[in-house]
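Q: Please take a close look at one part of this structure: a group of packed helices and the loops beside them. How are the helices placed against each other, and what do the loops between them look like?

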Amino acid sequence: MDFLSVIPPIVAVVLAILTKRVLFSLFISIWVGGLIAAGGNPFAAVGLTFTWMKDVMVDPWNARFLVMTALLGTGAAFMFKTGGSEGLIKVLQKRLTTKKRVLFLPYFLGLLIFFNDYVNSVIIGNATKDIAAKYRVSREKLAYVIDSTASPIATIGPVSDWIGFQVSLVAAAFASMSLVGVEPYFAFLQSIPWNFYAILCLLAVPMIIAGKDFGPMAKAEHRAHTTGKLIPDGSTPLSSVDQDLGEPHKREGSVWNFILPLVALISVSIWGLWFSGGGAEGKSMMNALADTDVSVALTWGAFAMTTVGIIMAVVQGMSLRACEDTLLGGIRTMLPALIIIVLAWSIGTVTSELGTAEFVVEATQGWMTAALLPFLVFVIAMFISFATGTSWGTMSILTPIAVPLGYTMGGEEVIPIVIGAIFAGAIFGDHVSPISDTTVMASIFSESDHIAHVNTQIPYAMVPAGIAGVLYLLYTVIGSSIVLLIAGIIIQYFVLRYLGNRHERRYGKVG
C-alpha cells in the first residue's frame, strides 16, 4: 500500500473533468490500475482490465442491479409511451406556475420517497423533467435537486435499505469490540444529529431554490433561461427518452398511467425489502432491512413497474410489436448508464486490489486525537468515497476501523459522533464523484450531461461540507449536536445568500 494506489481514481476524475468523456476516462483509469498491479506491463494491464470488468458483471448483486436498472428504464419508457408523463404535467401545471415552484416539486417528492435513492431518482426524474423543461430549468439544476435529496434522505429517513445497511455495519463493529449494553439501532439514531452534511445538504436545496444561484450552476441557469438550451452546447445527456422512444402512443394520457406503475414499483419494492430480509419469519421491519437483499427487492419492484406498464399499454391498444419496441427502447436509454456503472464498479475493484482505502486510513491514523477524530474521519470518508465512487463501500471500510478507535479514545459518548461523521463524509464523496452510481442515476433520469452535473454540483456540495467540517472541529467546545446544527444552518443560510448576491453583482441576474 503506497501512494500509487490513489493514482487510478485521480486519473478517472481528472480525465473526466478535462475531456468530459466519462467512458473514456473510466476505462483509462482502470487500465492505469492494471498497469500498477502488473508492475508496468501494458499487455498484462489490458488483461487485468477486462478481468476486473468481467468479475464485477458476474457478481450476483451487481448482475441483479444491472437487470434492475434496465427494468427501471423499461418501466419509465412505458410511462412515457402511454402518456403518463403528459398526464402528470396536465394535472400539475395549474399549480406549478413559477420556476421556483417547479423546482420545489422534485425536492418535496424526494423527501417523500425516502426508502431507496435509486428509486428516488427514477420516480422524480420522470415526474418532473418535462415540466421543468417547460419552465426552462437547466438539466444541471434538476439533477442537483434530485441528487442532493436522494442519498441524504435515504440515510436519515424513517425506514430505508440504507438504514438497514448502516445499522448492520454498526452491529458488526460492536460485535468486534465485544461491546455489550449498547443497542446498534439506538446508536444509529443518536448519530443522526451528528450527520451534519446530510442534514445541511437537505436544507441547502430549498435555500438555493428560494435564493440565488452562483458559480457554474448560475451560468447553466442563465443559459437555459435566455436560450432555452437545457444542456450545454456539445454535451450529451446519458439518456433521452424522446430520442430513444419517439412520440408517445397516446398524447392525451391519463395521470393514472404514471401513478399505477409508480405504486407498483414502490409497494412491491417495500414488500420485497421486508420479505427478502425475513419479515415473514417474524422479524421487525428494521431487523428485516438489516438482513434484506436490496438487489432482489428492487428488481422485483422494477419488474412489477414494467409489467403494469405493459398491461396498460395493451389496454390502450398498443400492439405487441410496439410493446416490444418500447421495451428495447427503454433498455437503450439505460445503455450508457449500464456501461458507466460497470466501469465505476471496476474502479472500485482497482482501488480494493491496490489498497487505496487502507493507504488513506494508515496515512492519517497518526494524526488522530480524540478532539480531531470526528473531523479526520469525516475528511477520510469524503476522500475515500470521492475516489471510489461508493458511499456504501466507504461505510463498509471505515465503520469497523473508526468506531472501535472512537470508543478507545473517548468512550461510548464518542461513538454516535464518529458514526455520524463516517456516514456524512461517505455521502459527500458520493455526491461529487463523477464515478458514483447515484450521481450517474441522477444524470440519467434528469437527462443531464453527466460531467456538467458534476461540475455544477461540486460548489453547492462544498458549502454544507465545509460547514460540517467546522462543526466537527467544534464538537469538543460545544458538546451539543443540536446547538452545532442550529449554528450550521444559520451560517449556511448567510453563506449561500452571500455567494448568490456576489454572483448577481458580478454577472447580473440569472433569470
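A: A crossing is left-handed if the near helix is turned anticlockwise from the far one by less than a right angle, and right-handed if clockwise. With that in hand, the packing in this predicted model can be taken pair by pair. Two packed helices are described by the angle between their axes and the distance between the axes.

Start with H11 and H24. Their axes come within 10 Å and cross at roughly 35°, and the crossing is right-handed. On the H11 side, the contact is made by Phe196, Ile199, Leu200, Leu203, Ala204, Met207 and Ile208. On the H24 side, these residues meet Ser481, Leu484, Leu485, Gly488, Ile489, Gln492, Tyr493 and Leu496. Sorted by class, this contact of H11 with H24 holds 12 nonpolar residues, three polar and no charged.

H24, which covers residues 481–507, also packs against H23, residues 450–473. The angle between H23 and H24 is about 145°, and their axes are 10 Å apart. The crossing of H23 and H24 is right-handed as well. From H23, Val463, Pro464, Ile467 and Leu471 take part. Their partners in H24 are Leu484, Gly488, Ile491, Gln492, Val495, Leu496 and Leu499. Nine of the residues in this contact of H23 with H24 are nonpolar and two are polar, with no charged ones.

H11, residues 196–210, has a further partner in H21, residues 415–432. The axes of H11 and H21 come within 7 Å and cross at roughly 50°, which makes H11 oblique to H21. Here Phe196, Tyr197, Ala198 and Cys201 of H11 meet Ala424, Ile427, Phe428 and His431 of H21. The contact of H11 with H21 divides into seven nonpolar residues, one polar and no charged.

Next come the loops. Tyr475 sits in the loop between H23 and H24. Tyr475 has a relative accessible area of 10%, so it is buried, the cut-off being under 20%. Leaving aside neighbours within four places in sequence, Tyr475 is in contact with Trp194, Ala370, Ala371, Pro374, Val414, Ile417 and Leu484. One of these, Ile417, is 58 residues away along the chain, yet the C-alpha atoms of Tyr475 and Ile417 are separated by 8.9 Å. Another, Leu484, is also among the H24 residues that meet H23.

At the other end of H23, Glu447 lies in the loop between helix H22 (437–446) and H23. Most residues other than glycine have a negative phi. Glu447, by contrast, has a positive phi, near 60°. Its relative accessibility is 10%, and therefore Glu447 counts as buried.

Arg136, in the loop between helix H7 (117–134) and helix H8 (139–156), likewise has a positive phi, of about 55°, although it is not a glycine. Arg136 is partly exposed, with a relative accessible area of 36%.

Buried residues in H20 include Ser391, Thr394, Met395, Leu398, Thr399 and Ala402. Just after H20, Gly411 takes a positive phi of about 85°.

Methods: Residues are numbered from 1 along each chain as its sequence is written. This is a predicted model: local features need pLDDT of at least 70, side-chain atom pairs count only at pLDDT 80 or more; totals for chains, interfaces and linings use all residues. Side-chain values use heavy atoms; hydrogens and water are left out. Buried means under 20% relative accessible area, exposed over 50%, partly exposed in between (1.4 Å probe, protein chains only). Helices (H or I, at least four residues) and strands (E, at least two) are DSSP runs, numbered from the N terminus. Axes are lines fitted to C-alpha atoms, for helices over the stretch in contact, and angles run from 0 to 180 degrees between N-to-C directions. Contact means heavy atoms within 4.5 Å. Ala, Val, Leu, Ile, Met, Phe, Trp, Tyr, Cys and Pro count as nonpolar, Asp, Glu, Lys and Arg as charged, and the others, Gly among them, as polar. Angles under 35 degrees count as roughly parallel, over 145 as roughly antiparallel, 65 to 115 as roughly perpendicular and the rest as oblique.
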